[in-house]
Amino acid sequence: MIGRLVDGRQVVAEAPLQIHIRNAEPLRSKVAESLRRSGAPAVADGVCDSRDYDYGDLDLRPWFDRPDAMEHIDGLLGSRRISETDAERLRAFVTQGFLVLPELVEAPLLRDLNEALDDVVAKAVDGYQEGSSERIHGLHDRYPAVKALWLHPEILRMLDLIFGQPARPCQSLTYVYGSQQEHHQDTIHLTPFPAGYMCGVWTALEDVQEGAGELRVFPGSHRLDRLYMAGLGLPKVGGEWNDFGQKAVPAWTRMLESGRFRSEAYLPKAGSVLIWHENLMHGGAPRRDQSVSRRSIVGHYFAEGCVAYYDSSGLPGVMRLDPRPS
Ligand SMILES: O=C(O)CCC(=O)C(=O)O
Ligand SMILES: [Fe+2]
């Protein structure tokens, strides 16, 4: 590789550059070995795709996707690294595909978050129209309260326990009203390699009422197959989601047809946080009462050391390295 020193637009020096990536810690080194073995690209240069990675290698599964997941939790308990409450939550994550931290967010932060949303609505930030189901991207970089939630120590602690690795936020999505999003698995949009190393985090900013377009989850559905673009015969989405909607949504519907998994309405109290497994089927119910808001913020997190990309668009993924609050 050639390294270039640039002053403004002018190259003032150039020299051959060698980069030694150490990948010393366990997940990084396992991933690096897998990439080498399978001939996967070590640097994202072009379109990222699931076929580039060895998803068939079961040795790369995270602990919670292994048959001995409960023993892993017992081990953490035995070494006093976690409390009995943590253990209960991790067990729920393994069996149901999600866990809940009830009323976690402190009252002052919850108030600041709601004030941030009031401001978004009043100023029509990003063209947001009061009453619409639109989501607003990236408010963590505009409102300190959203950043504080995004990097909330207790959420990060729980994610670190799940991943066995430091969790790194990727994005935030803010909803004032219900999303009414079709049921889906996030895997195809926020794609980790190895599979499993991504979680969604859903925080309620108010008590969620039935009919407000509540989040619906399908307990246990994280054990269903994962869908990727290549498997669906879909080209990467450049901006137009029609083909995607016509193929992916029916594929998800077919996966649920057996009736083995039933959706549950999630009706949390303000400040509660739900963490879902990357492959859990979930969606937003129809807003039966259009006048009722459903203020919530979603963050997606990858585990440090995994490969992160967006299979649906083929773009490389983001892992933000913002310092954690001490
Ligand atoms: O909040 C919702 O209704 C769904 C959000 C969602 O699916 C996501 O952000 O991954
Ligand atoms: Fe989702």
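Predicted model: local features only at pLDDT ≥ 70, side-chain atom pairs only at ≥ 80, totals over all residues.
Q: Are His184 and Asp186 buried or exposed?
A: Both His184 and Asp186 are buried.

Q: Let's move on to Arg287. Where is Arg287 placed?
A: Arg287 sits in the loop that runs between strand S11 (282-284) and strand S12 (296-303).

Q: What is the nearest side chain of opposite charge to Arg287, and how far away is it?
A: That is Asp289, 7.7 Å away. Arg287 has no salt bridge, even though Arg287 is buried.

Q: OK, then which side chain does the side chain of Arg287 make a polar contact with?
A: With the side chain of Ser133, at 3.0 Å. The Arg287 side chain also reaches the backbone oxygen of Gln290, at 3.0 Å.

Q: Which residues is Arg287 in contact with, leaving aside neighbours within four places in sequence?
A: Among them are Gly131, Ser132 and Ser133, then Tyr177, Gly178 and Gln180, and also Gly211, Ala212 and Gly213.

Q: You just mentioned Gln180. What is its phi near?
A: Phi of Gln180 is near 55°, which is a positive value in a residue other than glycine. Gln180 belongs to the loop between strand S5 (167-175) and S6.

Q: Why does Gln180 count as partly exposed?
A: Because its relative accessibility is 36%, and partly exposed covers the range between under 20% for buried and over 50% for exposed.

Q: What about Ala124, what is its phi?
A: Ala124 has a phi of about 50°, positive although Ala124 is not a glycine. You'll find Ala124 in the loop between helix H4 (107-123) and strand S4 (135-137). Ala124 counts as partly exposed too, at 35% relative accessibility.

Q: New topic: which residues does the cis peptide bond join?
A: It joins Phe193 and Pro194, with omega about -5°. Pro194 lies in the loop between strand S6 (191-193) and strand S7 (198-204).

Q: Now the helices. Which residues of helix H2 (residues 69-78) are buried?
A: The buried ones are Ala69, Ile73 and Leu76. They cover an arc of only 60° around the axis, so they fall on the same side of H2.

Q: And which residues are exposed on the other side of H2?
A: Over there, Glu71 and Gly78 are exposed.

Q: What do the buried residues of H2 pack against?
A: They pack against helix H3 (84-96).

Q: Which residue takes a positive phi just after H2?
A: That's Arg80, where phi is about 60°.

Q: Last one: where is Ala42?
A: Ala42 is in the loop between helix H1 (26-38) and H2. Ala42 is exposed, with a relative accessible area of 72%.

Q: How far is the C-alpha atom of Ala42 from that of Val307?
A: The two C-alpha atoms are separated by 9.6 Å, while Ala42 and Val307 are 265 residues apart along the chain.

How values were computed: Residues numbered from 1 in each chain as written. Chains lettered and ligands numbered in written order. Heavy atoms only, no water. Buried < 20%, exposed > 50% of the residue type's maximum accessible area, 1.4 Å probe, protein only. Helix = DSSP H or I, 4+ residues; strand = E, 2+ residues; numbered from the N terminus. Lys, Arg positive; Asp, Glu negative; His and termini not counted. Salt bridge = Lys/Arg side-chain N within 4 Å of Asp/Glu carboxyl O. Polar contact = N/O pair within 3.5 Å; in protein donor to acceptor, adjacent residues only side chain to side chain. Contact = heavy atoms within 4.5 Å. Arc of directions from axis to C-beta.
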